[in-house]
Amino acid sequence: MQRRPDDDSVTASRVLRPQGAGRFVLFCDHASNHIPAELHQLGLPAAERARHIAWDIGAAGVTAALSEILDAPAILCNTSRLVIDCNRQLYTADLIPEISDGTMIPGNRNLSETARAIRIERWFHPYHNAIESVLLDREAKGVPSVMVSIHSMTAELAGQPRPWQIAISSHLDRRMAEPVLAALRRSGDIVVGDNQPYDVNPELDYSIPCHALRRRRLHIQVEFRQNEILDATSQYRWALRFAQVLM
């Protein structure tokens, strides 16, 4: 991807193993809490930018580990979900949130249509174009792609605990969800969620509907609980366990 001189020299996405020979293609919509310098940290202090409201904590590390284990291309978003949420349809209210988990986002308030369009053009479309580029290249070579969207969830939200250490999110197509859920539950030593706390909603979500459902390709979305993947060791351990289920 081409660098833009005005975007803090950070491209909209990072691609690992674009020529990976495995059957999986990974993407991580909330991999980064980076806010381009021109947006002046959206008016937020560092403590807020480090919270889950800005990114899916630990998800990038799990994605990178899975890419290595599975020899899979992985596309990671390089922009905070507070700049623009790359897993939201363009018409949704929280595409560029003014408030997130009780925190006001000053730099997102009263944005003009022009300002919204600039964020979509600079960071949303290039990230999804990077995913499409990998998928189209594989299609041209006759290489099948099974898509895995990787997220992380907080241990609790709004005072409600989340007991699931890992959760599988799906919509109507359960071809992958059912066997993966069964395999994860087989050992009996972890709590596994099925569309808890989130399902895949094509009215709100973008990545799986755009890249997988539209193609009618096998896919899965996974949520790792953030307190399970706080460091590189635990990220790799969960990536290995999940990869063994996928393989």
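Where in the chain is the place of Leu42? Leu42 sits in the loop between strand S2 (24-28) and helix H1 (46-49). Helices here are DSSP runs of H or I with at least four residues, strands are runs of E with at least two, and both are numbered from the N terminus.

Before going on, a word on the source: this is a predicted model, where local features need pLDDT of at least 70, side-chain atom pairs count only at pLDDT 80 or more, and totals for chains, interfaces and linings use all residues. Residues are numbered from 1 along each chain as its sequence is written, and side-chain values use heavy atoms, with hydrogens and water left out.

Leu42 has a relative accessible area of 1%, so it is buried. (Buried means under 20% relative accessible area, exposed means over 50%, and partly exposed is what falls in between, with a 1.4 Å probe and protein chains only.)

Asn110 also has a phi near 55 degrees, again positive in a residue other than glycine. You'll find Asn110 in the loop between strand S5 (103-104) and helix H3 (113-140). Asn110 counts as exposed because its relative accessibility is 69%.

Then there's a cis peptide bond: it joins Gln196 and Pro197, with omega about 0 degrees. Pro197 belongs to the loop between strand S10 (192-194) and helix H5 (207-213).

**Aromatic pairs**

The structure holds three aromatic pairs. To pair, rings of Phe, Tyr and Trp (its six-membered ring) need centres within 6.5 Å; planes under 30 degrees apart count as stacked, over 60 as edge-to-face and the rest as tilted.

One of them is Phe124 with Tyr206: the ring centres are 4.9 Å apart and the planes stand at 70 degrees, so this pair is edge-to-face. The pair links distant parts of the chain, with Phe124 in helix H3 and Tyr206 in the loop between S10 and H5, 82 residues apart. Phe124 and Tyr206 are both buried.

Another is Phe224 with Trp238, whose centres are 6.1 Å apart and whose planes are at 70 degrees, so the pair is edge-to-face. Phe224 lies in strand S11 (residues 219-225) and Trp238 in helix H6 (residues 232-246), so the pair ties together parts 14 residues apart in sequence. Phe224 is at 0% relative accessibility, so it counts as buried. Trp238, at 5%, counts as buried too. Phe224 and Trp238 form one aromatic cluster together with Phe242.

**Helices against H6**

Now for the helix packing. Two packed helices are described by the angle between their axes and the distance between the axes. Axes are lines fitted to C-alpha atoms, for helices over the stretch in contact, and angles run from 0 to 180 degrees between N-to-C directions.

| Helix pair | Axes come within | Crossing angle |
|---|---|---|
| H4 (residues 177-186) and H6 | 9 Å | roughly 125 degrees |
| H2 (residues 59-70) and H6 | 8 Å | roughly 50 degrees |

H4 and H6 are therefore oblique to each other; angles under 35 degrees count as roughly parallel, over 145 as roughly antiparallel, 65 to 115 as roughly perpendicular and the rest as oblique. H4 passes H6 in a right-handed crossing, a label used if the near helix is turned clockwise from the far one by less than a right angle, with anticlockwise giving left-handed. Val180, Ala183 and Leu184 in H4 meet Phe242, Val245 and Leu246 in H6, where contact means heavy atoms within 4.5 Å. By class, the contact of H4 with H6 has six nonpolar, no polar and no charged residues. (Ala, Val, Leu, Ile, Met, Phe, Trp, Tyr, Cys and Pro count as nonpolar, Asp, Glu, Lys and Arg as charged, and the others, Gly among them, as polar.)

H2 and H6 are therefore oblique to each other, and H2 passes H6 in a right-handed crossing. On the H2 side the contact residues include Gly61, Glu68 and Leu70, while those in H6 include Gln235, Phe242 and Leu246. The contact of H2 with H6 divides into eleven nonpolar, two polar and one charged.

**Arg175**

Arg175 is found in the loop between strand S9 (166-169) and H4. Its relative accessible area is 47%, so Arg175 is partly exposed. Leaving aside neighbours within four places in sequence, Arg175 is in contact with Arg216, Arg217 and Leu218. Arg175 and Arg217 are 42 residues apart in sequence and 9.8 Å apart in space, C-alpha to C-alpha.
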